[in-house]
Amino acid sequence: MLNKADVKAWKAQLVAQAEQQILKLTDSDQFKKYLNTLAKFHRYSARNIDLIYAQNPQATQVAGFKQWQKAFNRTVNRGAKAIRIAAPIIKKLTPADQKRLDTTDERAIVGYRYLPIFDVAQTSGDPVLSAKDFVKENLADHQNVTSLYNAFKDYLNQQTDLQVSEVPLETLNGAKGYFQPSTNEIVIGGDEPDNALKLKTLYHEYAHSQLHGLKSAFKDRPRAYQETQAEAVAYVAMQNIGVDTSNYSLGYVATWAKDKAVIHSALSEIQQVSNKVIELSDGLTKQLGLQEAPKEPAHDLKKLSAQELNKSYQGLQQQVQQARNPQQKSELKNKLNDIHHEISNRTQKQLQAFAEQNPEIKQPESKLDQSLKR
């Protein structure tokens, strides 16, 4: 049984390990790995994102032991090593506590306990699908990326004090866009042919407006620092919607690692704006209908290859398991049955053709045949 001193030392070690990993973010590849974690777990606190990244940078979806069982019908694999995250201990304050802490709040955080969670890769059971699986597939379509860009631009123009306009790329001296703090205006190269790049540029300049505008507490950051921060937010935003980010250049961030307080502050600022962008994007993709499961194309099943049939069958199986609406579930099952019949028919035809081509292979007699001979 661990005593209080042991527990305190263990907690301190967890935090120290996380900080050491954060201080290693001195090149683009390491920084990308951290931002990938941020994109996956943007609803977590900065402290817990650091802890998850330090213990398992490959983690994609985490939950507690019982939550995996009850909410997802999955079980944690035997021998899986837990990831520890911090959960606040909230205490109801007595009048004496309020006086000592100089607060009128009835409750306050008095400490943290470190709870065990597990990544989906450490579990087995039913498939786990999320809205982002559908968003990613939908945004593979050129028109849908354009729709999200336009929706985000319209939102900024109509719901915020920012003004977003477009100009020809040739007037931007090689840039894709810029943010003008003095006028609070974002300008985008309107004739950029790559719509994913156009959307990413809008995310980038929006990040500048939030982090480096005239009223921002961070407006005096060095230029290289500002660009890396804005590009990091754009990277996280594009990761969130599943658009390829493999070619992003995030610059060299070694200067941050010279001071632990500086790098934590920089990452905290990125997280704040990333969370805001992700929430906005999620809301817009929902309004645009991009978080609806993509409909199965009305294929002639007989024209599909065996590989395409199997892929459709597996995809429908997952959708049936995830469906909660009885009518939708029934429709999916009917499609599943149609594909099953087509696979079965093809198999029977292949077996028959094989038997005709190989008459020397004697087929076992059925019990009915044997009874007739008696």
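Visitor: In what order do the three strands of the open sheet with antiparallel pairing stand?

Guide: This is a predicted model, in which local features need pLDDT of at least 70, side-chain atom pairs count only at pLDDT 80 or more, and totals for chains, interfaces and linings use all residues. Residues are numbered from 1 along each chain as its sequence is written, and side-chain values use heavy atoms, with hydrogens and water left out. Strands (E, at least two residues) and helices (H or I, at least four) are DSSP runs numbered from the N terminus, and two strands pair if DSSP finds at least two bridges between them. The pairing in this open sheet is antiparallel, and the order is 1-4-3.

Visitor: Why is one side of strand 1 and of strand 3 left without a neighbour in the sheet?

Guide: Strand 1 (62–63) and strand 3 (83–92) stand at the edges of the sheet.

Visitor: Which strands stand at the edges of the open sheet with mixed pairing?

Guide: This sheet of three strands has the order 6-8-7. Each edge strand has a single partner strand, so one side of each lacks a neighbour in the sheet; these are strand 6 (163–167) and strand 7 (177–180).

Visitor: What is the bridge partner of Y178 in strand 8?

Guide: Four bridges pair strand 7 with strand 8 (residues 185–189) in the antiparallel sense. In strand 8, the partner of Y178 is V187.
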